[in-house]
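Start with the side chains.

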Amino acid sequence: MSDAFPKAKIRVRLDGGFASPEVLEFLDCEPKVEYLVNMAANAVLKRKAEAAMKQARRASKISGQTEHVYGECRYATKKTWPWKRRLIYKAEVVRAATRNRRTTHVSWSPT
């Protein structure tokens, strides 16, 4: 591909189940590959997104609609990542007519 399309970049999007150290290391070593991996939140990541979640809840309460707030932080797992990666997160409050309850969650992707 690099001969036919020398300026092309490959974008890879993976589910969190593929966020193993080996896969991330491989992707990190590929110079023309950009990747996004949807990751499960943990207590540390939830704390980092706490202000964004408050903002999304406040906006949703005012608008009565689904609201999203995006942000980023630096994060490394304690044992498996050799350095901090940039994580992009989405703090979201979902309001849908078909649901009786409001759901809130945070999504994470390293870049």
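Buried means under 20% relative accessible area, exposed means over 50%, and partly exposed lies in between, with a 1.4 Å probe and protein chains only. Cys 29 counts as exposed because its relative accessibility is 57%. Cys 73 has 12%, so Cys 73 counts as buried. A disulfide needs a pair of cysteine sulfur atoms within 2.5 Å. The count here is 0 disulfides.

A word on the model. It is predicted, so local features need pLDDT of at least 70 and side-chain atom pairs count only at pLDDT 80 or more, while totals for chains, interfaces and linings use all residues. Residues are numbered from 1 along each chain as its sequence is written, and side-chain values use heavy atoms, with hydrogens and water left out.

Now the core. A nonpolar core is a set of buried Ala, Val, Leu, Ile, Met, Phe, Trp, Tyr and Cys residues joined through side-chain atoms within 4.5 Å. The largest one has 12 residues, including Leu 14, Leu 45, Cys 73, Tyr 75 and Trp 81. At least two residues each come from α1 (21-29), β2 (33-37) and β3 (67-75). Strand β2 gives the most, with 3 residues. Helices (H or I, at least four residues) and strands (E, at least two) are DSSP runs, numbered from the N terminus. Another core lies apart from it and has 8 residues, among them Ala 49, Ala 52, Met 53 and Ala 56.

Look next at Trp 81. Contact means heavy atoms within 4.5 Å. Setting aside neighbours within four places in sequence, Trp 81 is in contact with Leu 24, Met 39, Tyr 75, Ala 76 and Leu 87. Rings of Phe, Tyr and Trp (its six-membered ring) pair if their centres lie within 6.5 Å; planes under 30 degrees apart are stacked, over 60 edge-to-face, the rest tilted. The count is 1 aromatic pair. Tyr 75 and Trp 81 form it edge-to-face, 5.8 Å centre to centre, with 80° between the planes. Both Tyr 75 and Trp 81 are buried.

Which charged end sits over the ring of Trp 81? That of Arg 85, 4.7 Å from the ring centre. The rule asks for NZ of Lys or CZ of Arg within 6 Å of the centre and within 35 degrees of the ring normal. Arg 85 belongs to strand β4 (residues 85-94). Its relative accessibility is 4%, so Arg 85 counts as buried. A polar contact is a pair of N or O atoms within 3.5 Å; within protein, one must be able to donate a hydrogen and the other to accept it, and residues adjacent in sequence count only if both atoms are side-chain atoms. The Arg 85 side chain makes one with the side chain of Asp 28 (2.4 Å). A polar contact of 3.2 Å also joins the side chains of Arg 85 and Tyr 35.
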